[in-house]
Amino acid sequence: MTELKPTEDFTKELTKSETAILDYYRSLNEERFCRSLLTIARTTGRGTATVQRANNHFQRLGILSWIRGNGNRVAGMPCHPNQYRLTLK
C-alpha cells in the first residue's frame, strides 16, 4: 500500500465520522496513545467498523500508525489495546 502525503488541508476530504474520530484523537493531546477500537467507537458515537475504516484512511494519509493490541477476555487472556501514533505537522 502506498503512503499518501496529506495535503495542506486534508481535513476537507474527511467524512463527518472521520472528522469526529480525528477530533477525538487530537483532544487527547498526545502523539502516542493506547485505546481499543471499542473505546474509540463508544467515545465518538461511531461503530467499531467505522473507526477501523477511518484509521485505515488516516494510515493511508500518513498521519496515523499503530501496533495492534491483543488478548481475548472470553478466553481469559489479558487484553492490551492498540498503541497508536498520531503524526500531525
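Reply: The buried residues of helix α3 are Val 51, Ala 54, Asn 55, His 57, Phe 58 and Leu 61, where buried means under 20% relative accessible area, exposed over 50%, and partly exposed in between (1.4 Å probe, protein chains only). Viewed down the axis of α3, these residues fall within an arc of 160° and so line one face of the helix; the arc is that of the directions from the helix axis to the C-beta atoms. In general, an α-helix has 3.6 residues a turn, so residues three or four places apart point the same way.

The model is predicted: local features need pLDDT of at least 70 and side-chain atom pairs count only at pLDDT 80 or more, whereas totals for chains, interfaces and linings use all residues. Residues are numbered from 1 along each chain as its sequence is written, and side-chain values use heavy atoms, with hydrogens and water left out.

Helix α3 comprises the 14 residues 48-61, and at 1.5 Å a residue it should span 20 Å, which agrees with its end C-alpha atoms being 20 Å apart; the expected span is 1.5 Å times one less than the number of residues. Just after α3, Gly 62 takes a positive phi of about 85°.

The helix belongs to a protein with 3 helices and 3 strands, arranged from the N terminus on as α-β-α-α-β-β. Helices (H or I, at least four residues) and strands (E, at least two) are DSSP runs, numbered from the N terminus. The buried residues of α3 pack against α1, α2 (37-44), β2 and β3, contact meaning heavy atoms within 4.5 Å.

On the side of α1 (residues 16-27), Glu 18 deserves attention, for this residue lies within that helix. Leaving aside neighbours within four places in sequence, Glu 18 is in contact with Glu 13, Ala 54, His 57 and Phe 58; Ala 54, His 57 and Phe 58 are among the buried residues of α3. Glu 18 is itself buried but has no salt bridge, the nearest side chain of opposite charge being Arg 60, 6.0 Å away. Here Lys and Arg count as positive and Asp and Glu as negative, while His and the chain ends are not counted; a salt bridge is a side-chain nitrogen of Lys or Arg within 4 Å of a carboxyl oxygen of Asp or Glu.

As for the strands, β3 (residues 82-86) has a covered face of Asn 82, Tyr 84 and Leu 86, and an uncovered one of Gln 83 and Arg 85. Strand β2 (residues 64-67) runs antiparallel to β3 and is joined to β3 by 4 bridges, with Leu 64 opposite Leu 86. Strand β1 (residues 32-35) also pairs with β3 in the antiparallel sense, over 4 bridges, and Cys 34 stands opposite Gln 83. Two strands pair if DSSP finds at least two bridges between them.

By the rule above, the count comes to 1 salt bridge: the side chains of Glu 31 and Arg 85 meet at 2.5 Å, N to O. This pair links distant parts of the chain, Glu 31 in the loop between α1 and β1 and Arg 85 in strand β3, 54 residues apart. Glu 31 counts as partly exposed at 39% relative accessibility, as does Arg 85 at 32%.
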